[in-house]
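Let's take a walk through this structure together, one piece at a time. Keep the 3D view open as you read.

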Amino acid sequence: MESMMLGFVGSGFLGQSVVSRVHVSPRKDCRRNVRVTPRMDAEYRTGVKRNENFSKLQAGYLFPEIARRRNAYIEENPDKDIISLGIGDTTLPIPDHIRSGLQAGATKLGTKEGYSGYGAEQGSAGLREKIASNIYNDRIKPEEVFVSDGAKCDIARLQMMFGPGTTSAVQDPSYPVYVDTSVMQGQTQLFNEGTSQFDGITYMRCDASNGFFPDLESTPRTDVIFFCSPNNPTGAAASKSQLEELVSFAKKNGSIIVYDAAYAPFVRSSDVPKSILEIEGAREVAIECNSFSKYAGFTGVRLGWVVVPNELKYADGTPVRADFNRVMTTCFNGASNIAQSGGLACLDKEGLDEIEGLIDYYMKNAALLRTTMIDLGFDVYGGTDAPYVWVSFPGRSSWDVFNEILEKTQVVTIPGAGFGPGGDGFIRMSAFASKESCEEACARFRKMYG
């Protein structure tokens, strides 16, 4: 008999897997008394057609590409000391009280009395109640809270709920997940090389000329409006009057706002709301996503939530919450019991105090980065209500600036073009590093640009 070995070869990020079949015969060639050399047939492919929407995506996702370039530089320069002000990943350890909640959750699973298996897909009742009361001051109902494994996954689940026929608007620049999930869902046309945008998506320009808030009067109607405040990457935070304008715009057009509030606890300005649900009328037009990732150093723990108000309804009167509940109960088995135990500890008084300490630490880093770049003569935005500092390099490619900074200072930043064409000419610096790393990075910047 003939034996078969299957070899799997990946053809790159977002690429098609290729399977090669190698046929090996154990018998000898009787004429020459030698074994037959295994032969390689042409590559094998299944008959499954690729989802054509994935072919529209441009290269790889931004942050893995940054990691690839960083790792390539390290490989070529192993003696260099790299500082990362790039991806917004927290670096401080989880504080004592919050950590004790995680430990208690894990310990319970090792006892007969405390063990629990599957929980409610929407999250534990206790955590939903605490989110509603301690974060939203009872402005929302626990039943409107859906606990999850993080805001990024929630954006994808919301897109699944909205479906391929939905039209969307995004801030430009903005977090890449909004655009890429729209493409994956089939909501867009092809990528336009001339504009560096996908046709079929409305890009709302948000830059210094308009205070990083879109000109809504010239913005066409879309079904969904993705809006992040405080904004990633610009660090800009919308004021109460601006959010009132946004809610009014959505209401007039019958649109749904997906409001990403992942950086809400970093807000320091008195006129900047931490939730869009503070705005009158928002409950009829807005969904809010949030996460413990930046609150409590849970980027690896994975815990977030979505608020879908009861008043939010589709054109046919169906409550949006009912459909999102169906998505969660069908596609999600609930957040980890251990993570939710940590979430409960986050929202105790002791946990909230610890979170405030973490945020103060990172915001001091942001202030240092911001002050340094201003002193060096750059136009700088953000860093006051968000942990991101947005630095202008007018007339230059942001990828060129990224490469130059890496080569000359060994500091990893993020090129603004990765967040959309409106980000080109800018670099994003993250304050989610150690104080010592930020101080050293600033010293290197002063030496380079001073």
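In this predicted model, helix α3 covers residues 125-135, and its buried residues are Leu127, Arg128, Ile131 and Ala132. Look down the axis of α3 and you will find these buried residues within an arc of 135 degrees, so they line one face of the helix. They pack against β7 (145-148), β15 (304-307) and α9 (337-346). Just past the end of α3 comes Asn137, which has a positive phi of about 50 degrees.

Now move along to a sheet. It is an open one made of four strands, in the order β16-β17-β20-β19, with antiparallel pairing. The edges belong to β16 (380-382) and β19 (414-415); each has a single partner strand, so one side of each is left without a neighbour in the sheet. Helix α10 (residues 349-375) packs on this sheet, where it touches β16, β17 (388-392) and β20, and its direction makes about 160 degrees with that of β16. As for β19, two bridges join it to β20 (residues 426-430) in the antiparallel sense, and Ile414 has Arg428 in β20 as its bridge partner.

Our last stop is helix α12, residues 435-449, which spans 21 Å from its first C-alpha to its last, close to the 21 Å expected for its 15 residues. Which of its residues are buried? In α12 they are Cys438, Ala441, Cys442, Arg444 and Phe445. Seen down the axis of α12, they fall within an arc of 165 degrees, so they too line one face of the helix. Their cover includes β6 (83-84), α10, α11 (398-409), β18 (411-412) and β20.

Key
Residues numbered from 1 in each chain as written. Predicted model: local features only at pLDDT ≥ 70, side-chain atom pairs only at ≥ 80, totals over all residues. Heavy atoms only, no water. Pairing = 2+ DSSP bridges. Contact = heavy atoms within 4.5 Å. Axes fitted to C-alpha atoms, helices over the stretch in contact; angles between N-to-C directions. Buried < 20%, exposed > 50% of the residue type's maximum accessible area, 1.4 Å probe, protein only. Arc of directions from axis to C-beta. Expected span 1.5 Å × (residues − 1).
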